[in-house]
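Visitor: Could you walk me through this model and tell me what stands behind each label?

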Amino acid sequence: MSQGLLVVLSGPSGVGKGTVCRRLLEICPRLKLSISMTTRPPRSGEREGVDYYFTSASRFQELIRADAFLEWAEVYGHYYGTPTEPVNRVLDQGVNLLLEIDIAGARQVRQRLEQAVSIFLAPPSREILQERINGRGSEDAEAIRRRLAAARREMEAYREYDYLVINDRVEKAAACLAAIIKAEKCKISRGARPTGWEVNRV
Ligand code: 5GP
């Protein structure tokens, strides 16, 4: 069985990664979302083990020392990280895995796993990103200002990624991500082989 594909998706705060990911998971039933661990408190409606594994800063630091994370980063004053063990287990089962993580985390994944495919999700314009961040309504003025300043810096990082997708419409962006995944799975260099022919035994 071939290894699953590891897909890393990043983009500036407010670009709509969550919504696009949810739609992508609906249209790609063979794709699984990695559940991150975080020290940020749960938002209303968020569920343990579904949205995140919520934990304390001291436990998180212990896990960093034990090298239990494939990547981790501090984002807006809280720790976020991807536990390594479930990633390896899922990929070994041949299941494709989606990591929705920040830019610093994506850098670490690319360094450790060069077979990962990385995709940068960008807003159609700066004005639209600002509207989306303002419209969330869940944060105070200072938090919004910080997110906007961070987004401006984060946009610079798109060059480091394999693919760039513009999120003008959720349906279109999710379809574009699905097409990238499909194409990557068809790559001969990733192990795609014709079935039922002797050519399989190289
Ligand atoms: P939020 O608190 O809004 O759920 O997420 C804040 C930011 O943390 C987002 O940019 C999200 O992509 C990022 N993030 C979520 N999980 C992880 C993770 O496991 N690792 C890293 N590096 N960033 C993460």
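Predicted model: local features only at pLDDT ≥ 70, side-chain atom pairs only at ≥ 80, totals over all residues.

Visitor: Why is S118 called buried?

Guide: Buried means under 20% relative accessible area, exposed over 50%, and partly exposed in between, with a 1.4 Å probe and protein chains only. S118 has 0%, so it counts as buried. You'll find S118 in strand β8, residues 117-122; strands here are DSSP runs of E with at least two residues, helices are runs of H or I with at least four, and both are numbered from the N terminus.

Visitor: What makes the pair S118 and R110 a polar contact?

Guide: A polar contact is a pair of N or O atoms within 3.5 Å; within protein, one must be able to donate a hydrogen and the other to accept it, and residues adjacent in sequence count only if both atoms are side-chain atoms. The side chains of S118 and R110 are joined at 3.2 Å, so the pair passes the distance cut-off.

Visitor: And T38, buried or exposed?

Guide: With a relative accessible area of 0%, T38 is buried. T38 lies in strand β3, residues 37-38, and a polar atom of its side chain is 3.0 Å from the backbone nitrogen of R40.

Visitor: Why is D67 called exposed?

Guide: D67 comes in at 52% relative accessibility, so it lands on the exposed side. D67 sits in the loop between α2 (57-65) and β5, and has a positive phi of about 55° although it is not a glycine.

Visitor: What makes Y76 partly exposed?

Guide: Its relative accessibility is 26%, so Y76 falls in the middle class. The loop between β5 and β6 holds Y76, which also has a positive phi, about 45°, without being a glycine.

Visitor: How many residues surround the ligand?

Guide: There are 15, and S36, R40, Y52, Y80 and E100 are the closest; the test is a heavy atom within 4 Å.

Technical notes:
Residues numbered from 1 in each chain as written. Heavy atoms only, no water.
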